[in-house]
Amino acid sequence: WNPRSWLLGHYRSDAFRNTQVLAFADDGVDTVWVGTIGGGLVEIDTRNRSERHYGTGADSRVRLSDDRVMSLLYDRRGVLWIGTMTGGLDRLEVRSGALRVYRSLADDASTLPANGVMSLYEDRLGTLWVGTFGGGLASIDQLSGDVTRYPYGSATPSSLSASRASAVVEDALGNIWIGTEGGGLNLLDRKTRRFHAYRRDDRDPASLSDNTVYALHLDHHGDLWVGTAGGGLDRVIGSSAR
């Protein structure tokens with residue numbers, strides 16, 4: 001969709017004929033990456049509409065850990081992060097083609113908490129936030145490569161309210177907001193590493209409209225827009241002042 005002309009166009013390619021598209025990323029210039037379920041990653045040069053495909057096959061220029069791509073992020077260092085359904089998180093140096101894979105290893109707390117990666121976000125300090133399917137939230141220090149896990153579930157007080165972290169965004173104060181599947185909206189205080197959960201309350205019409213959150217966007221007013229699974233769109237007014 002072109003917001004200047006209000007015209008809706010289509011990009012047609014055999015790469016998307018029999019698959020679902022779940023994720024996009026772009027370099028801000030001419031390249032767009034598209035994540036598919038089963039078709040791997042498609043890199044599109046928007047100047048000449050040429051394509052390059054990445055997957056698990058031997059003929060791929062870079063062999064991904066999984067052909068099912070759930071999330072993408074192109075960071076400020078020119079690195080493409082590729083979140084997969086079961087293969088963990090792939091870190092691709094776009095220029096050199098070098099690939100590093102972050103996976104979850106049993107009984108190793110220095111690794112990802114799960115191998116399904118639902119959401120990715122880079123904060124103002126360059127820290128990468130990773131929302132996983134079944135393992136909650138993690139962060140990666142991009143300088144050291146160290147992984148930090150954050151607790152989830154009712155067994156640990158003030159922890160993330162659910163194991164599936166489906167959306168992440170940072171507010172003006174540096175707090176991290178996390179949308180979850182079934183656990184509502186969470187706010188992480190970076191200083192204390194404690195989470196506060198906002199959930200649906202049928203007795204309160206000003207509460208969250210649904211406990212499954214799939215999209216988050218912070219606007220220039222500091223309001224947080226919350227896309228839910230069954231309750232429509234919510235707005236947290238002045239979220240950055242909390």
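Is Trp 81 buried or exposed? Keep that question in mind while we walk through this predicted model by way of its aromatic rings.

A pair of aromatic rings is described by two things, the distance of the centres and the angle of the planes. In this structure, seven aromatic pairs are counted. Let's start with Trp 33 and Tyr 74. Their ring centres are 5.2 Å apart and their planes meet at 20 degrees, so this pair is stacked, since planes under 30 degrees apart count that way. Now find the two residues in the chain: Trp 33 sits in strand 2 (residues 31-37), while Tyr 74 belongs to strand 5 (residues 69-74). The pair therefore ties together parts that are 41 residues apart in sequence. The two partners have their own surroundings, too. Trp 33 is buried, with a relative accessible area of 1%, whereas Tyr 74, at 27%, is partly exposed.

Next, turn to Trp 81 and Tyr 102. These two form a tilted aromatic pair, with 5.8 Å from centre to centre and 40 degrees between the planes. Distant parts of the chain are linked here as well: Trp 81 lies in strand 6 (residues 79-84) and Tyr 102 in strand 8 (residues 99-102), 21 residues apart.

That brings us back to the opening question. Trp 81 has a relative accessibility of 0%, so Trp 81 counts as buried, because buried means under 20%.

Terms used
Residues are numbered from 1 along each chain as its sequence is written. This is a predicted model: local features need pLDDT of at least 70, side-chain atom pairs count only at pLDDT 80 or more; totals for chains, interfaces and linings use all residues. Side-chain values use heavy atoms; hydrogens and water are left out. Rings of Phe, Tyr and Trp (its six-membered ring) pair if their centres lie within 6.5 Å; planes under 30 degrees apart count as stacked, over 60 as edge-to-face and the rest as tilted. Helices (H or I, at least four residues) and strands (E, at least two) are DSSP runs, numbered from the N terminus. Buried means under 20% relative accessible area, exposed over 50%, partly exposed in between (1.4 Å probe, protein chains only).
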